[in-house]
Every structure is written in C-alpha cells, then in structure tokens.
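Open the model in your viewer and keep the sequence panel in view. We will go from the whole chain down to single side chains.

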Amino acid sequence: MPVEIDPLILKGRNALEAEDIDAAGNAVREAEKSLGESDPQVLHLRGLIAWMEGDHERAGGFLLQASDAGPTDATIYLD
C-alpha cells in the first residue's frame, strides 16, 4: 500500500522542482506545525532544501535523520 505524502510536503517538493526555495521553506514550516519537526517527511524536505541552498553538510544531517526515523515512504532514501 503506497504511503500518502502530506499535501504540504508535496507543495514543498513541487516548489523545489520549480527552484523556488522560498516557497519550499514556507511549505516545510507549515508542515512542521502539523506533522512535527521529527517527521521523516519534514526532515527529508529540510534536507532537500538545504541541498538546494548549497549547505551539503546540513543537508546530509537532515537526510540521515529522515532515514534513521524509519520512514515507510519509499521516496525517502539516500543514494
């Protein structure tokens, strides 16, 4: 059964694809309020945003936290 992606997370991912980091940041802040800071989807999106901003060390930290949180979402992975 596929995991449903929170609409705010999807909004953030779509903003990143459009290279709109500000909109992605707004979406992740909204998602933190509803899902919590330690939600794997929130951590993953924070990592993607940090990567787009060029802060690769911070991005790696968020992505590792997302992975360690034991997500069931197959789109959260490290390659």
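Start with the whole chain in cartoon view. The protein chain has four helices and zero strands. Its pattern along the sequence reads α-α-α-α. This is a predicted model. Colour by burial next: of the 79 residues in the protein chain, 38% are buried.

**First stop: a helix pair.** Select α1, residues 7-17, and α3, residues 40-52. Their axes come within 10 Å and cross at roughly 15°. Angles under 35 degrees count as roughly parallel, so α1 and α3 are roughly parallel to each other. Now check the handedness: α1 passes α3 in a left-handed crossing.

**Second stop: V28.** Select V28, which sits in helix α2. Is V28 buried or exposed? V28 has a relative accessible area of 0%. Buried means under 20%, so V28 is buried.

Move to the loop between α2 (21-35) and α3 (40-52), where D39 is found. Show its side chain. D39 is buried yet has no salt bridge. Which side chain of opposite charge is nearest to D39? R13 is the one, 8.6 Å away. A salt bridge needs the charged atoms within 4 Å. Finish by showing the backbone of Q41. The side chain of D39 reaches the backbone nitrogen of Q41 at 2.9 Å.

Technical notes
Residues numbered from 1 in each chain as written. Predicted model: local features only at pLDDT ≥ 70, side-chain atom pairs only at ≥ 80, totals over all residues. Heavy atoms only, no water. Helix = DSSP H or I, 4+ residues; strand = E, 2+ residues; numbered from the N terminus. Buried < 20%, exposed > 50% of the residue type's maximum accessible area, 1.4 Å probe, protein only. Lys, Arg positive; Asp, Glu negative; His and termini not counted. Polar contact = N/O pair within 3.5 Å; in protein donor to acceptor, adjacent residues only side chain to side chain. Axes fitted to C-alpha atoms, helices over the stretch in contact; angles between N-to-C directions. Parallel < 35°, antiparallel > 145°, perpendicular 65-115°, else oblique. Left-handed = near helix turned anticlockwise from the far one by under 90°.
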